[in-house]
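The following note sets out points for a colleague who has the sequence and the model at hand. Please read each point alongside the structure.

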Amino acid sequence: MRFVHSLKKNNNNTQKEAEVENPEDYNDPETTPGDKKKLSRQMAKTYKPSAVETSWYEWWEKSKFFEADPDSSKPSFVIVLPPPNVTGPLHIGHALTAAIQDTIIRWRRMSGYNTLWVPGTDHAGIAAQAYVEKQFLRFTTITRDEMGRYSFINDLGDMKNLYRDAILRQLRCLGASLDWSRECYTMDEKRSLAVTEAFVRLHKDGVIYRQLRLVNWDCLLQTAISNIEVEHIEIKERTPLRVPGYEKPVEFGVLTSFAYPLEEGLGEIIVATTRVETMLGDTAIAVHPDDSRYSHVHGKFAIHPFNGRKLPIVCDAVLVDMNFGTGAVKITPAHDPNDYEVGKRLNLEIINIFTDGGKINSNGGPEFTGMPRFEARVAVTEALKKKGLFKGDQNNEMRLGICSRTRDVVEPLLKPQWYVNCKSMAEQALDAVTDGASPKIEIIPKQYVAEWKRWFENIPDWCISRQIGWGHRIPAWYAVLIDEPKELGAYNDHWVVGRNKAEATEEANKIFSGKEFDLHKDPDVLDTWFSSGIFPLSVLGWPNDTKDLRAFYSTSVLETGPDILFLWVARMVMLGMKLGGDVPFRKVYLHPMVCDARGREMSKLLGNAIDPLEVINGIELKGLHKKLDDESSLDKNELEIAKEDYVKDFPDGIPECGADALRFALVSYTAQSDKIKLDIQKVVEYRQWCNKLWDAIRFSMTKLGEDYIPREEMIPATLPFSCKWILSVLNKAISKTIVSLDSYEFSDAATAVYSWWQFQLCDVFMEVIKPYFTGNDPAYASERKHAQDTLWLCLDNGLRLLHPFMPFVTEELWQRLPSKKDSVRKESIVISEYPSTVESWNIDGVELEMDLIQFVVKSLRSLRAQLGPNEKCERLAAFVVCLTSDAWNTIKKHELEVSTLATLSSLHVLSKKDDVPVGCILDTLNESESVSVFLKLKGVVNVEAEFEKLNKKMEYLQKEYDDLKKISKKMEKLQKQHDDLKNLVTRGSLQACSTDYGS
């Protein structure tokens with residue numbers, strides 16, 4: 001940036017100061033934690049993030065700048081931070097969430113709103129349990145069952161405390177202006193009471209019920225999971241995959257055919273399956289009733305080759321496609337959703353062959369009992385071969401369901417579970433978004449509205465019970481009556497629900513009046529997303545009628561990633577409307593997902609998650625590797641892959657970038673569709689830009705001087721041209737930023753602020769006012785004073801405009817600006833007013849004039865770039881030939897600005913009648929700008945080279961002209977076809993229309 005050079009051009013005064021320069025003047029004095037930061041007497045010569053970003057946050061927090069007042073008369077603006085899981089520190093994806101939300105909250109706070117941003121953390125249920133169990137397997141041989149429930153939960157609690165503290169520290173380091181007085185945790189006492197209340201109310205309303213159904217079962221954690229927690233992998237052919245708990249890869253994408261012997265010597269019937277181990281639980285074979293190939297076996301039986309069980313041959317037109325495969329289908333009602341429906345329709349026996357851990361149980365026969373399911377797959381195949389029943393296998397395209405948390409292959413198992421009936425709530429949630437007349441919720445980007453509609457129109461009931469130890473215990477008790485089976489859950493009508501055991505006992509006494517019973521609490525816990533689903537209510541004090549609930553519900557916006565649109569956002573809407581009586585938020589903004597260099601979403605499970613503190617503070621490659629060794633739950637192979645990826649992505653580690661640069665980079669990235677491929681170099685560039693901001697303020701302070709006092713009021717019409725111009729473009733930048741923020745176009749807002757600071761204030765205005773300050777020339781006394789006042793006004797507005805994006809550096813620089821005389825300035829930029837447009841700053845014509853000036857300057861710089869190394873650095877004479885009187889008047893009036901910006905020795909403004917001196921090089925005529933630009937050389941002009949450049953320019957322009965001519969002709973043809981088609985339709989002769997239209 002050219003204005004920085006002026007810092008090196010010391011006048012006599014600065015030379016004298018340098019002689020007595022005290023290094024201590026550039027170091028910030030020590031600040032007591034929580035006190036306002038003490039700044040050095042002189043600004044440090046270079047920007048250092050760690051020095052700038054220290055102390056401010058503690059002071060902001062202690063000063064209660066972030067706390068909301070439920071009694072305030074200001075309009076409220078509320079965001080609930082999506083509570084991060086306590087399974088590890090935040091990664092860059094969380095930093096994006098924090099950066100966007102803090103930008104919104106700081107802007108709204110400065111715009112006069114009573115802002116509330118609620119922090120919290122999530123106990124994470126399955127994710128936490130999966131993490132801890134994986135850690136145990138990695139570092140010990142102890143299992144969850146061997147530890148016992150209470151010891152296991154205590155270890156989970158220790159992990160929660162460790163990472164919860166780390167998460168809150170990271171959020172503070174990022175500058176997130178959260179209301180810490182309202183910080184909460186999904187399993188703290190208040191939230192736990194709210195979860196219990198929600199369950200009891202929904203059960204009482206008949207929304208929650210218990211039923212025996214086929215569920216998605218995770219054999220690794222031995223728990224049910226909901227449909228939405230199952231990810232599907234598309235497998236095209238025979239594919240070996242690693243499955244947790246198995247040393248060797250397991251083969252999928254294979255269709256195995258085998259035969260069942262038929263009774264009465266009728267031969268055999270061939271079936272095919274991708275899960276041959278489940279044949280141990282087959283209870284029937286289905287054929288199509290119209291399939292003549294099998295009409296002779298209707299009502300007959302096949303004989304199971306391993307246990308002699310008789311399998312009825314049944315007819316089912318719903319399941320069986322007689323044109324697919326052999327037209328015969330094995331039926332395993334206990335382990336396949338479609339087979340389960342057939343079993344219910346035809347009243348078939350249901351035989352479960354798996355233990356909760358995914359091993360073959362006694363129903364599978366002694367030959368296979370105790371085998372892990374995928375080892376049994378191989379064993380069953382070999383046993384079929386020995387009996388001569390194996391008929392071959394082939395590649396088969398399939399979808400494989402895996403648990404999103406543990407990566408275990410999901411097994412369908414028949415289990416009694418608690419469910420939420422979503423039907424009526426889903427209708428309300430759908431209408432809240434898609435009601436064309438008056439939608440209650442707006443989803444941004446709008447592309448997700450179609451997905452919202454599709455999901456809610458086909459929503460299944462939600463399985464909310466989990467067979468793990470970590471979470472909210474389900475507030476249900478099972479009544480065991482005297483002289484009845486003691487097995488928990490043997491009778492579905494023996495369950496009672498209550499807020500506590502006393503309530504449950506009271507309810508049981510009503511149901512089992514006069515009978516003796518013992519109550520046993522359900523050992524299962526609730527799905528994490530159930531407690532998260534009521535989070536916007538519970539954080540505000542629900543179910544109590546609190547001031548916060550009355551003042552701040554519904555919240556203003558929910559900002560999160562599209563990956564949890566249905567896991568969390570949809571459920572919050574359903575439960576918020578049902579329990580809170582209104583939608584939980586008015587807008588939903590879905591940001592892009594942060595990915596690594598390979599396009600994979602950043603995740604603790606993959607080991608590719610970057611801690612934002614590693615970007616803020618910097619870290620060496622060996623530090624990244626050590627953190628993986630110490631904190632990840634990856635197995636040996638996964639760990640090596642993660643380390644290799646770090647070597648590729650960060651061979652030299654990550655340099656110190658600071659929170660401001662990281663935040664600005666992340667917000668700027670939001671223009672990218674649905675994925676952000678993070679490039680640390682981009683963050684480094686914004687860290688360098690922070691240094692330019694720093695230099696800009698240092699430069700400005702030298703021009704303002706120690707005794708400068710800002711003017712109370714300015715009259716733009718009396719200002720020099722450059723001052724009028726910078727205020728006019730500042731007005732536009734303010735307007736663009738506010739409009740972009742209001743429409744959730746955060747990248748556009750960041751670009752508007754950046755462009756004004758970089759390309760207009762620093763690159764132009766600070767350069768163009770330099771002559772006013774050279775040698776304290778009395779001729780420029782008035783301009784100098786106007787330039788000082790305008791410069792201060794720009795810095796004050798510019799820093800406040802930038803503050804929501806970069807809170808630390810803007811606070812530090814704003815605190816250094818001088819204050820107006822007798823005025824009481826806000827204590828912090830945090831609570832100062834956000835800039836707004838000023839009508840008087842809009843002055844007609846100044847921007848057009850500056851556009852022409854900048855065109856001339858750009859052309860002169862382009863000519864200078866063509867010169868040799870020695871001439872490039874010299875001040876040269878220039879000539880501008882103007883084709884119109886308007887252009888001549890503009891350039892003539894602004895000779896000083898052009899000469900200053902283009903670093904010229906002299907500038908001569910000519911009309912088209914004037915001759916240009918020999919010895920010049922030319923930047924070709926631009927008719928739209930009405931000028932031609934010449935630069936006088938000291939040496940000899942290479943005439944041939946100049947002609948060559950002109951010829952190339954002519955060829956380029958001719959090509960552009962020819963291309964435009966072709967496009968114009970095509971448009972004329974299309975317009976004629978359109979008109980012809982319109983005439984044909986009007987005459988009712990559409991059939992005569994040629995099929996060539998539009999070609």
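1. The protein contains 32 helices and 33 strands, where helices (H or I, at least four residues) and strands (E, at least two) are DSSP runs numbered from the N terminus. This is a predicted model, in which local features need pLDDT of at least 70 and side-chain atom pairs count only at pLDDT 80 or more, while totals for chains, interfaces and linings use all residues. Residues are numbered from 1 along each chain as its sequence is written, and side-chain values use heavy atoms, with hydrogens and water left out.

2. Overall dimensions and burial. The C-alpha trace spans about 115 × 75 × 65 Å along its principal axes. Of the 999 residues, 52% are buried; buried means under 20% relative accessible area, exposed over 50%, and partly exposed in between, with a 1.4 Å probe and protein chains only. The protein exposes about 46,400 Å², of which carbon and sulfur atoms supply 50%; accessible areas come from the Shrake-Rupley method with a 1.4 Å probe, and for residues only the protein chains shown count as cover. Among the contacts with a separation of 6 or more, 75% are between residues 24 or more positions apart; contact means heavy atoms within 4.5 Å.

3. Helices α19 and α20. Two packed helices are described by the angle between their axes and the distance between the axes. Helix α19 (residues 621-631) and helix α20 (residues 636-649) have axes that come within 10 Å and cross at roughly 160°. That angle makes α19 roughly antiparallel to α20. Axes here are lines fitted to C-alpha atoms, for helices over the stretch in contact, and angles run from 0 to 180 degrees between N-to-C directions. Angles under 35 degrees count as roughly parallel, over 145 as roughly antiparallel, 65 to 115 as roughly perpendicular and the rest as oblique. The crossing of α19 and α20 is right-handed, a term used if the near helix is turned clockwise from the far one by less than a right angle, anticlockwise being left-handed. On the α19 side the contact involves L621, L624, H625, L628 and D629, which meet L639, A642, K643, Y646 and V647 of α20. By class, the residues of this contact of α19 with α20 are seven nonpolar, one polar and two charged. Ala, Val, Leu, Ile, Met, Phe, Trp, Tyr, Cys and Pro count as nonpolar, Asp, Glu, Lys and Arg as charged, and the others, Gly among them, as polar.

4. Helices α23 and α26. Helix α23 (residues 721-742) packs against helix α26 (residues 781-802) at an angle of about 10°, with the axes 10 Å apart. The two helices α23 and α26 are therefore roughly parallel to each other. From α23, residues C723, I726, L727, L730, A733, I734 and T737 meet H786, A787, T790, L793, C794, N797 and L801 of α26. The residues of the contact of α23 with α26 comprise ten nonpolar, four polar and no charged.

5. Helices α28 and α31. For helix α28 (residues 846-865) and helix α31 (residues 895-902), the packing angle is about 35° and the axes are 9 Å apart. The crossing of α28 past α31 is right-handed. Residues I853, V856, V857, L860, R861 and R864 of α28 make the contact with V898, L901 and A902 of α31. The contact of α28 with α31 has seven nonpolar, no polar and two charged residues.

6. Two residues of helix α10. T381 lies in helix α10 (residues 373-386) and counts as buried at 13% relative accessibility. Not counting residues up to four places away in sequence, T381 touches V276 and F390.

7. Backbone points to inspect. Most residues other than glycine have a negative phi, and most peptide bonds are trans. The peptide bond from I444 to P445 is cis, with omega near 0°, and P445 lies in the loop between β19 (442-444) and α12 (447-457). The peptide bond from W542 to P543 is also cis, with omega near 15°; P543 lies in the loop between α15 (535-538) and α16 (547-552).

8. Positive phi values. K64 has a positive phi near 60° and is not a glycine. K64 is found in the loop between α3 (56-62) and β1 (76-80) and is exposed, with a relative accessible area of 55%. N347, likewise not a glycine, has a positive phi of about 55°. N347 is found in the loop between α9 (337-346) and α10 and is exposed at a relative accessible area of 72%.
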